[in-house]
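Me: Hi! I'm new to this one and would like a friendly walk through it. Could you start with how the pieces meet?

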Amino acid sequence: MRQPYIGFLLPAAFLVCGLFLVPVGQLIILSFDGFAEPSLRWYAQILETGSIQRILWTTFRIVTITTLIAVLLGYAVAFAMAHMGPRQRLLLLLCVLVPFWLSVLVRALAWLILLRNNGLINEGLLATGLIGAPLPLVRNEFGVIIGMVHYLVPYAVFPIFATMQNMDGRLMMAARSVGASPLRTFIDVYLPVTLPAVFGAGLLVFVFGLGFFVTPAILGGGRVVMLSEYVSISVLQTLRWGLAAALSVVLLVATLALLWIVSKVVGVRRLLGNA
Amino acid sequence: MKKHSFQADLVEIAAQEVKAGRLHRRDFLTLLAAAGAAPALGAVLGSNPASAQASEIVLANFGGDAINGMSEAWGKPFTADTGIPVRVDGGSPLAGKIKAMVESKSVIWDVCDGDGFLCNQLGKQGLLDEVDYTIVDKSKVREGWAWQHGIANYTYSFVLAYKKELFPDKPPTYADFFDTKKYPGKRSMWKYQMGAMEACLLGDGVARDKLYPADLDRAIAKAKSLGDDVIYWESGAESQQMFLDGEVVMGNIWNTRASILERDTQGKVTWTWEDGLYCPSSFVMPKGHPAPNEAVQKFLASILDPERQIKLLSILGNGPTNPAASAMLPPELRRIDPGYGDNVKAQAIRSEEWYEMNYDAAVEKWIDGIAG
């Protein structure tokens, strides 16, 4: 064998098979009610039950909005980071990293303290007389989106920043030298070069967002139920494991489909950062 | 989040009590250490852990304060009587976990804490062992609470807690709870249907003894009528915090949290037993549990002892299931026992039959109904 190091991959490969592929396989089998009497009843239930479809719709809607905002913000932050001096860059990097290291629970609770009716923001606005009654900033979908965007922005920043930093600056100089305006240069040169990273970041954020649990539970005030919470209830409380498994499979297939579509648009190699 | 139940909440309360210095840290730590090292402790106490006789009984509950409380009130005296150590494992024995253990034949719990209706619900699925009523005395629990596959171990209630200043003369009713014009401010209810549904029906004019079979659609419509004035709590701690932060003026919460709130706010927040929902918790034995059956049955019999039940009430605030225990209560505990005399007369009693048949569908329908 020409690749002597391939043996080093074996332990990891075993781990992935044992701890990931096998359980996922079992999950898929469970969603069809096992081998003995395979059935599609859980999938039929997903198609027939309005409430499950509403939860799926809520989940996809929130995650899509979150992804758009997070990628937009992430792009701006990454752009600033890539083009500022090394000292400021370090400072900004810390600003992104420190919240990134905080637990999801702490972040959700912090937002709750800021945004609730008697929280800092509403009290502050009330004190200045700008508003007459507290704004409904949290315990609703709006609050969930704020919390999720905050959590997910770093995941958008890093891949985009990596691409921007590795970009050949001479490309832009070349564009400028043939008379393109800064805006033109950005649109025709900078953006297309960074676009695969944007898609990659978007995909990462979207997939992460689909599995969100704690943030919607805390910031949604009980009235924003996302898929992972429903799966958890089905497993632990209502004992509908087949349904939980079928929903997980739907989620998995949706994620894979998304990956496939995005890779068709920008190419797998570029998507995975090999631009 | 692990906590989807009242039982889970107990553990949390206990831990805080220790922090606040109201429960002796040393005792708590000793107990925790003992819980983690039960076989060693057994040797110290003189029983031989290597013998075929039950080396220990593993009691699973929802952790926190209840680890200490159940060790103290139920584990210690049982060990003193029989020499069999009782190890309390706060591993949250939700129905899904019990099912997973039994079906994979890797049961590590002998006795599990859970809601009363689970006895029949899981029992009928073949996941539980039966209670041996030649060893366990049926007459020591309230009528109807000795099931084939489990027995009521303690009680708790969903009660209406409120800001005292809003109701200086008389406590609010659930009609007031839903009257946001007259009493502005946010309310809170449990996110997972139980208690909240009953509050909605009572607020909509259903009589206490006509709650079941429950009209879930009517309850959901009533819940939605609160619009943005309702915040659903997820954990007991959250329900308490909402009052402390002044986010809500009224709430349908667990009695254990309500009594702590009253203490911590010097009575600014209090609660009424009127129209509360009185519920039995229970112990069940997962099929294939490790300890010998007889020892576990004896343990179930032992927890019905009135003094041990009163001890649990004094530590955790959970009521006795043995009516004799309620009758023996010292005056300072009468106020906090959901099953005591006038307290229980003022409340509705949860229908275990209805929940046994409808819990799964009700939770799902409720979650869907209140979302969005």
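Reply: Happy to. One term to begin with: a salt bridge here is a side-chain nitrogen of Lys or Arg within 4 Å of a carboxyl oxygen of Asp or Glu. Please keep in mind that this is a predicted model.

Me: Okay, how many salt bridges are there between chain A and chain B?

Reply: Between chain A and chain B the count is seven salt bridges. Over all chains, the count comes to 32.

Me: Why would such side chains pair up at all?

Reply: Side chains of opposite charge can pair when their charged atoms come close.

Me: Which residue of chain B does Arg139(A) form a salt bridge with?

Reply: Its partner is Glu247(B), and the closest N and O atoms of the two are 2.6 Å apart.

Me: And what about polar contacts, how many residue pairs between chain A and chain B?

Reply: There are 14 residue pairs in polar contact between these two chains, counting pairs with both residues at pLDDT 80 or more.

Me: How many residues does each chain bring to the contact, and what area is buried?

Reply: Chain A brings 28 residues and chain B brings 35. The area buried between chain A and chain B is about 2,800 Å², with carbon and sulfur atoms giving 53% of it. On the chain A side, Arg223(A), Leu236(A) and Gln237(A) lose the most area to chain B, together 26% of what that side buries.

Me: Switching topic: where does Thr155(B) sit, and is it buried or exposed?

Reply: Thr155(B) lies in strand β5 (residues 150–163) of chain B. With a relative accessible area of 0%, Thr155(B) is buried, because buried means under 20%.

Me: What is Thr155(B) in contact with, beyond its neighbours in sequence?

Reply: Leaving aside neighbours within four places in sequence, its contacts include Trp145(B), Tyr278(B), Cys279(B), Asn318(B) and Pro338(B).

Me: Back to salt bridges. What does Glu141(A) pair with?

Reply: Glu141(A) meets Arg61(A), at 2.7 Å from N to O. This pair links distant parts of the chain, with Glu141(A) in helix α7 (residues 141–166) and Arg61(A) in helix α3, 80 residues apart. Glu141(A) is partly exposed at 25% relative accessibility, and Arg61(A) is also partly exposed, at 25%.

Me: And Glu294(B) with Lys298(B), how far apart are they along the helix?

Reply: They are four residues apart in helix α12 (residues 293–302) of chain B, so about one helical turn separates them. Glu294(B) is partly exposed at 47% relative accessibility, and Lys298(B) is partly exposed at 40%.

Me: One more: Asp305(B) and Arg308(B), what joins those side chains?

Reply: They meet in a salt bridge, 3.9 Å from N to O. Asp305(B) counts as partly exposed, at 26% relative accessibility, while Arg308(B) counts as buried, at 15%.

Notes. Residues numbered from 1 in each chain as written. Chains lettered and ligands numbered in written order. Predicted model: local features only at pLDDT ≥ 70, side-chain atom pairs only at ≥ 80, totals over all residues. Heavy atoms only, no water. Contact = heavy atoms within 4.5 Å. Buried area = accessible area lost by both parts, 1.4 Å probe. Polar contact = N/O pair within 3.5 Å; in protein donor to acceptor, adjacent residues only side chain to side chain. Helix = DSSP H or I, 4+ residues; strand = E, 2+ residues; numbered from the N terminus. Buried < 20%, exposed > 50% of the residue type's maximum accessible area, 1.4 Å probe, protein only.
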